[in-house]
Amino acid sequence: MVLIRPRGVVALTALELMVGLGAPPQGESPTEWFDDQASSWGLTVFQYVDGSRGRRDLVEIMGGGVALADFDDDGRLDVWLANGGPIGPGSPPDDPPSALFLQTRPGRFLPADPPIPGPSYAMGAAVGDFDGDGRRDLLVTGWRGLALLRNLGGGRFEETSDRLEFSQVKNVPKLDELWTTSAAWGDLDGDGDLDLYICAYVHYDPTRAPYCAAPDGRRDYCGPLDFAAQRDLLFRNDGGRLVEVGETLEIDQPPRRGLGVVVADVNDDGQLDLFIANDAEPARLWLNRGHWVFEEVGELAGVAFDAHGQPPAGMGVVWADLIAEPHHQPTRFDLAVANFFGRGTLVYRNLGAATFQEVSESSGLSGATRDVLGFGLVALDVDRDGRLDLVQANGHVLDRDRLGEPFRQPLRWMRSVGPSRFVAQTQAWANPPRLGRGLAVGDVNNDGLPDLVTTRLDGPPALLIARAHNRPGLTIRLRPRPGQADPPIGARVVVHLASDDGSARDHVGVVVGGGSYLSASDDALFVPLPHGQRVASLKVVWPSGETQEFDPMIPSADQERERSFQRIQIDQHQSRYRSPEVRPGLKRGNP
């Protein structure tokens, strides 16, 4: 095991390190990196209900998301899954709730009892402690509804949507007419609490939806431009009250059809910015100028369109260090945006100073994804070779198998094989083809390696548990001191890796708000440790600017042979180490 010894005197937040050791033999090339264990873990009892009435309603083809977080504070990740419901006259009467599955013991999920509340037709979720009580709360988006759920502990939630205030809004939206999609938390004004951005899509009334047809005349789903756009929502957190200020600030004016959002410091000025992926419309990049002043620079920054001047059909979004060129600064993170069938996923290389270059063709990413329609999108190092890959959930929104466009599509692993180069990889875990939508990443089984949970419209979710293959990783979890925003969106970790041959490099990770599609990944950071590399030093830079550095303790030969994982937690307010506790397994879904 590797232990981390602090240096310096700057007080820190909770930092949980899970370090896996050991290295693969030279030339090892494992054939499979994940196993779908949803059935044995108890997740296949969930079935998404789209409420279809056979009329190709747009809403039935767009859901639903997934969220990973430790909702009951037992040291194990839990899973929340969005569910649909009735659409209108002619729909099945069933209106099942969204589901929270608590990991009551290692390797086993049970549904929370009673089920948590939420909108009838849920879409996605964002996870964060909006009221500062130390528990992860849940914002659930949806069609005809929006719910703010306060975590009471033990997997129990209460509906607190009355804390969503529209007192500064002239045109107050009716919650039962909203269609909200992806959402993200982040402390946009630096006051120590989480503010909230919510993407809104279109006005959809199933009783007035037009008839849309495929080229052969058969009825098919309409597109987003057939419906009026809704304005995104921006809430300022005033001591646990979320006040809508987007209208006053003219955020998302004129409205565009938002599906994906990332909250991150795009231009490295210490302020959290907003990137919004819109469907069939130019993306927006709002730079935070401080004091609730935002400037929209999407077109100027080079992220509003693709290289051909066309607006993307933006769905899932990633903010990560994707362009691993020899002289590329690892602190410059890049953008990736899932796109429509036939066009390919986009990647924008960060040139610095909030300027980007679309390099999807030259990187091979668009060619690797042109035959799928992407939704959920996450970055992780699947094969632990030191380069970030992309994994994408796919599935069409048009039922045209008969016309040569596959409706159901497999997951796609876009493997980074060198500087600025991606290739599509086919493995068993990416199948079968499905109507994939949500996708989230987190260490579900506490082995130090990132796992995946993905949703589908036509079946139960998949739980893809990573195979170790003796390839280690370092997992870092940051917890702020009381009174600071949790999770600490914008916090950065710099891991200095030294190699046996004397070379060195830095791996930089950052806590991001939002990302993917309708989904919330766990906020832990994962650092691969390729063969021959070790942690030489580690630095954490918090959103406030506080910095803490650590020196490693070199593991013994016996500990290397064990290839074990060690979890270490550091509490800022205590300035000491302790082992994080994992509560014993429970017999029922709730404590």
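A disulfide is a pair of cysteine sulfur atoms within 2.5 Å. The views below come from a predicted model.

**View 1. The disulfide of Cys212 and Cys222.** By the 2.5 Å rule, the count is one disulfide. Cys212 and Cys222 form this link, with sulfur atoms 2.0 Å apart. The angle about the S-S bond is 100°, and the link is right-handed.

**View 2. What Cys212 and Cys222 tie together.** Find strands β14 (195–200) and β15 (233–238). Both cysteines sit in the loop between β14 and β15.

View 3. Cys212 has 13%, so Cys212 is buried. Cys222 has 8%, so Cys222 is buried too. Cys199 is also buried, with a value of 0%.

**View 4. The second largest pocket.** Rolling a probe the size of a water molecule over the atoms shows where empty space is left. The second largest pocket has a volume of about 590 Å³. Its lining has 29 residues. Which of them are closest to the centre of the pocket? They are Gly270, Ile489, Trp542, Pro543 and Ser544.

**View 5. The lining of the second largest pocket, by class and domain.** Nine lining residues are nonpolar, twelve are polar and eight are charged. Domain 1 (44–466) gives at least three residues to the lining. Domain 2 (473–571) gives at least three as well.

How values were computed:
Residues numbered from 1 in each chain as written. Predicted model: local features only at pLDDT ≥ 70, side-chain atom pairs only at ≥ 80, totals over all residues. Heavy atoms only, no water. Helix = DSSP H or I, 4+ residues; strand = E, 2+ residues; numbered from the N terminus. Buried < 20%, exposed > 50% of the residue type's maximum accessible area, 1.4 Å probe, protein only. 1 Å grid on protein atoms, 1.4 Å probe; cavity = no way out; pocket = protein on both sides within 12 Å on 5 of 7 lines; lining within 4 Å. Points joined across faces, edges and corners; volume = space filled by probe spheres on them. Nonpolar A, V, L, I, M, F, W, Y, C, P; charged D, E, K, R; others polar. Domains from an automatic or database assignment.
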